[in-house]
Amino acid sequence: MNTRRFVKSNLCPELTDIPPLGLDSTTLARAFRHYYTNHLGRDKNCNLLHYAYEALALVVRDRLMERWKKTRYAYEESDCKRTYYLSLEFLMGRALGNSILNLGVADEVAAAMNRVCLDFEELVDAEHDAGLGNGGLGRLAACFLDSCATLQLPVLGYGIRYEYGMFRQRIQDGYQVEDADHWLGMDNRWEIDRPEYTQRIKFGGRSEFYADHDGTLRCRWVDTHDVLARPYDVPIPGYQNGTVNTLRLWKAAATAEFDLREFNSGDYPGAVEAKNEAEKITMVLYPNDASENGKDLRLRQQYFLASASLQDVLDRWVTIKGHDLSGFAEKNSFQLNDTHPSCAVAELMRLLLDEHKLGWDEAWEITCNTMAYTNHTLLPEALEKWPVRLFEQLLPRLLDIIYEINARFLKEVAARWPGDSERQRRMSIIQEGSEPQVRMAFLAIVGSFSVNGVAELHSRLLQEGLFRDFYELWPEKFNNKTNGVTQRRWLAWCNQGLSRLISDSIGDGWVTDLDQLAQLRQLATDQVFMQRWQQVKLANKQRLAELIQVDCGVEFNPAVLFDVQVKRIHEYKRQLLNILHVIHLYDRIKRGDTAGWTPRCVLIGGKAAPGYAMAKLIIKLINNVAAVVNNDPAVGDLLKVAFFPNYRVSAMEVICPGTDLSEQISTAGKEASGTGNMKFMMNGALTIGTLDGANIEIREEVGAENFFLFGLTAAEVEAQRKNYNPQAIIAADPNLTRVLQLLQSGHFNQFEQGIFTSLIEALYNPHDPWLVAADFTSYVAVQEQAARLYQDQQNWTRKSILNTAASGKFSTDRTIRDYNENIWKLEPVAAFPVGKAAAGLPEALEGMVNAEQLPTYVATE
């Protein structure tokens, strides 16, 4: 480790003490002109909107930068405790609009762009979604960072700077096709390169034991193949409070990028082999781990993140505090976002033992008092497990430490339950068998002082099932932290019409205190307010219909029920159940059973993992059914179906405000929490769902009468598994029988015989873990209730308002307060005077620029 990079330079005050940058429209327009013409070298003849977006991003980033520096200074001067949030995903979405919202300058920026004949909204839409995440896990991490900054908590995020996102999804002949998502193909104007904080990461090699100068047995990791971790920092602004926190993303690089001798000898590929080998670590989010090479790369990614981040924190400590680590745990904590970063437990031990020369007991005490683990899954197969032989090959020193941790841990288990060898086998970090595995979740539990689930049901099921043995040993470690979403992005920004209506009615305090939305309950029967609510919803549905027309080629009528399920495609999320219901509706239309019919448009979207064949087949079925339904003249406008390709954050910002009915239909006991359910509820959608994940708490908050409940409970699911007979269930339900007859007849795949056989067989399988057939009858009945209610627009609107009014609990501000009060115990630190005036245009400069001095050019596509 090189601490010289932290030596402070003595720059003259004239270089560092500069007047605050203006936030008025005149100054913003002038700054935009400077960046567009002088920095980017563009002029009125440029017709690419992207460069205008870049210029505006640089203008906004400058305003963030001064607050960013002051935030860092405030944290250093206060000597505050800090938390470091380690996550393999941060699904940030677009940064421009969010930054402008949190700076509080949306009107000023719009006016500035109007001065130069540009449309502010077009510039926002020109930004590419950052490819740093896949689903709810990454989006939650992004929401958490927003709330930490808004609450002025000293929290720094650590992640990986993926060159390519997971993939860009394209639909071809109904099938998912994965294209590379090179989101960094154009410059990312939001990141700051920080080469001075580069870390060295070790792989391979061997452990070498030796005696130090006083005879203590030590170990060093030698003969390694190293790569460099180079950090790029991204600003995370709080909401109009002057705080800007940091997301630090690591990029892998070779220790020597170019071998001139190899090049001169004619081996051109060999000259850059080390560079290519190193960079593949951060090339792609979630490489397919079906192959041995894929497993190798996934483990490298996870260790790379953990090691670089921990070295960074320890370097900072040594530079400021020196080599005395006795107070480290009092000032630092690490939150592991799911099992992916759990290498951090063993890596922190390695750094403390081998690099900082602590004894085992002292190192373990620091580790156990700084690590906290969040679990996000109830699926045993989703918990990270790595073959011991792979650890031996890639991370031999960490494997030594894991063995020692496990030996000491099992000794504690044996002392608590003498002679219970079966319990020791169940709880061992090392799973024995023909292919021994390292159970990473168990390592995280053993090495952490806190273990939390993300919804009340999820946390209870962890304690009663997946982690029951550990809960019985350490009940004090386990707690619940129900997830949330940030209302800044998911209501104030993405649904500006509704945001204005709410603020006009109850004030804008809800933007930082979502519980204030409860005041809307008294307006739920106010006729004028209800009418305005309906107008906002219709406008949002029109916007969504336009997006669907462009991306799907299907025409949705904004006047009918918009029924939406968008999320990662997985069998437990049961998109299959949704499309079976669509087939049922189609069958009813074809049979003439349309009395009292409620027209609806069904939208389904999400990505399937590249190696998940069944999920990809479900996408194919959805698209085939959509093709038949949408092209049948007998169906007409009674039913439309679309699969939304390349589902992403910026699309969800249009989808959730325009949704009437939110599908949250996972098998009870399988969804940890869900956050899409919260976004839809916050925007006034009604939920149809099972008693799973956060659905339970949503229903408790809004009231059973304002939630469409169906299906088995988690306890009933477990009881049903013992004697599940889907054939009998199908035979007893004529609707389901007809649906399956249509599927079996090949009606939706007339020229692709047999392609859906595996899906049909899964529905008849008595071992189907998702129990799709078991919940179909209940699902159809409740869908009919929802359809009837939609015809009563007064009642539907009232329930829509009540859903938004009840969403206060589901703000990540509340979630983060819970984390902080019970786990992190941080003190808020104010960094910058609050309000626009604090960084406004100095009086001496006012009036220097007027609109007439600005160019009037257009930079559009």
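In the predicted model, helix α24 (residues 575-590) packs against helix α31 (residues 734-744), with the two axes 9 Å apart and at an angle of about 95°. Because angles of 65 to 115 degrees count as roughly perpendicular, α24 is assigned a roughly perpendicular orientation to α31. On the α24 side, the contact is formed by Leu580, Ile583, His584, Tyr586 and Asp587. The residues contributed by α31 are Asn735, Arg738, Val739, Leu742 and Leu743.

Helix α35 comprises residues 812-824 and spans only 15 Å between its end C-alpha atoms, whereas a straight helix of 13 residues would span 18 Å at 1.5 Å a residue. At the start of α35, the backbone nitrogen of Asp813 lies within 3.0 Å of a side-chain oxygen of Ser811. Asp813 is itself buried, as are Thr812, Arg814, Thr815 and Ile816. Further buried residues of α35 are Tyr819, Asn820, Ile823 and Trp824. The residue that follows α35 is Lys825, which has a positive phi, near 60°.

A positive phi also occurs in the turn of a hairpin formed by strands β3 and β4, where Asp173 has a value of about 55°. Two residues separate the strands of this hairpin. Strand β3 (residues 168-172) and strand β4 (residues 175-179) run antiparallel and are joined by five bridges. Gln169 has Glu178 of β4 as its bridge partner.

Terms used. Residues numbered from 1 in each chain as written. Predicted model: local features only at pLDDT ≥ 70, side-chain atom pairs only at ≥ 80, totals over all residues. Heavy atoms only, no water. Helix = DSSP H or I, 4+ residues; strand = E, 2+ residues; numbered from the N terminus. Expected span 1.5 Å × (residues − 1). Buried < 20%, exposed > 50% of the residue type's maximum accessible area, 1.4 Å probe, protein only. Polar contact = N/O pair within 3.5 Å; in protein donor to acceptor, adjacent residues only side chain to side chain. Pairing = 2+ DSSP bridges. Axes fitted to C-alpha atoms, helices over the stretch in contact; angles between N-to-C directions. Parallel < 35°, antiparallel > 145°, perpendicular 65-115°, else oblique. Contact = heavy atoms within 4.5 Å.
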